[in-house]
Amino acid sequence: MPVSEAVRHEIRDGVAYLTLNRPESLNALTPAMRDRLVDLLAEASAAPDVRAVVLTGTGRGFCAGADLRGGAGPGDRVPGDVARLLRLGAQRLICAVLDCEKPVLAAVNGTAAGLGAHLAFACDLVLAAESARFVEVFVRRGLVPDAAGAYLLPRLIGPQRAKELMFFGDAVPAPEAHRLGLVNRVVPDPGLPAATQEWATRLSAGPTRALALAKQLLNTSLDTDRASALAAEAWAQEINMTTADAGEGLRAFAERRDARFRGR
């Protein structure tokens with residue numbers, strides 16, 4: 001299957017829809033699919049006509065993780081190979097989501113395991129179908145969690161809960177994931193497309209640059225001290241006040257009407 005079919009790309013009403021489309025493998029990511037996602041996220045970040053991104057899958061799975069079929073065995077590697085592959089592969093993908101200058105919404109339609117789970121957790125907002133489940137599958141294979149899992153999970157649910165998920169590798173149903181704080185909302189399976197469309201529409205109508213700056217502040221808030229965080233906040237406000245959307249928002253407030261943001 002061509003990679004353009006394995007990762008479908010469509011822009012509608014200011015939203016870039018990225019759809020994983022290998023349902024027979026629960027949308028396990030090949031290196032080509034991973035690289036295409038990285039490129040499409042970078043394009044969305046820079047495109048003025050894209051104001052939000054939706055990431056979802058087809059079939060019963062959101063993403064079953066990395067496609068490990070055909071990979072080299074341990075004896076075929078030399079020291080440094082694995083670390084390099086991770087930096088240039090799974091870690092680069094997660095960073096592409098975290099660094100995207102547009103809000104990224106995950107619509108988790110089914111199983112999200114390993115890299116697939118972390119791909120969802122890296123998104124800014126997560127909607128999950130009731131049938132979805134999340135699996136820290138690494139321990140089942142005797143592997144150390146990768147794809148930024150040990151960075152993301154403690155920030156979402158705390159270190160003790162993160163250790164429980166990673167040490168046991170149990171599947172977490174969507175309602176439990178919601179209770180833990182891993183997802184924003186759980187919706188009935190048939191309602192996932194409509195719920196996704198509603199949130200994507202709201203995001204695409206928002207003040208895009210302000211959302212990008214807010215995303216950056218939030219993503220770095222747990223990695224910095226208070227003085228640095230407050231300085232970054234002040235400069236983000238300084239930068240945002242030069243945007244047309246900030247002017248429109250203030251005018252709309254003064255005129256007692258809804259703001260009409262243009263993403264500029």
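Modeller: The expected span of a helix is 1.5 Å times one less than its number of residues. Helices (H or I, at least four residues) and strands (E, at least two) are DSSP runs, numbered from the N terminus. This is a predicted model, where local features need pLDDT of at least 70, side-chain atom pairs count only at pLDDT 80 or more, and totals for chains, interfaces and linings use all residues. Residues are numbered from 1 along each chain as its sequence is written, and side-chain values use heavy atoms, without hydrogens and water.

Biologist: How far apart are the end C-alpha atoms of helix 2?

Modeller: Helix 2 covers residues 31–46, which is 16 residues. At 1.5 Å a residue, the span should be 22 Å. The model agrees, with the end C-alpha atoms apart by 23 Å.

Biologist: Which residue in the turn between strand 1 and strand 2 has a positive phi?

Modeller: Strand 1 and strand 2 run antiparallel, joined by 6 bridges. Glutamate 10 has tyrosine 17 of strand 2 as its bridge partner. The two strands form a hairpin with 2 residues between them, and the phi of about 55° belongs to aspartate 13.

Biologist: Which residue in strand 3 is the bridge partner of threonine 19?

Modeller: Strand 2 (residues 15–20) runs parallel to strand 3, with 6 bridges joining them. The partner of threonine 19 in strand 3 is threonine 56.

Biologist: How many residues of strand 5 are buried?

Modeller: Buried means under 20% relative accessible area, exposed over 50%, partly exposed in between (1.4 Å probe, protein chains only). Val104, Ala106 and Val108 point one way, Leu105 and Ala107 the other, and all are buried. Strand 5 (residues 104–108) is therefore largely enclosed by the rest of the structure; the count is 5 of the 5.

Biologist: Which residue of strand 7 is the bridge partner of valine 108?

Modeller: On one side, strand 5 pairs with strand 3 (residues 52–57) in the parallel sense over 4 bridges, and valine 53 stands opposite valine 104. Strand 5 also pairs with strand 7 (residues 125–129), again parallel over 4 bridges. There, the partner of valine 108 is alanine 128.

Conventions: Pairing = 2+ DSSP bridges.
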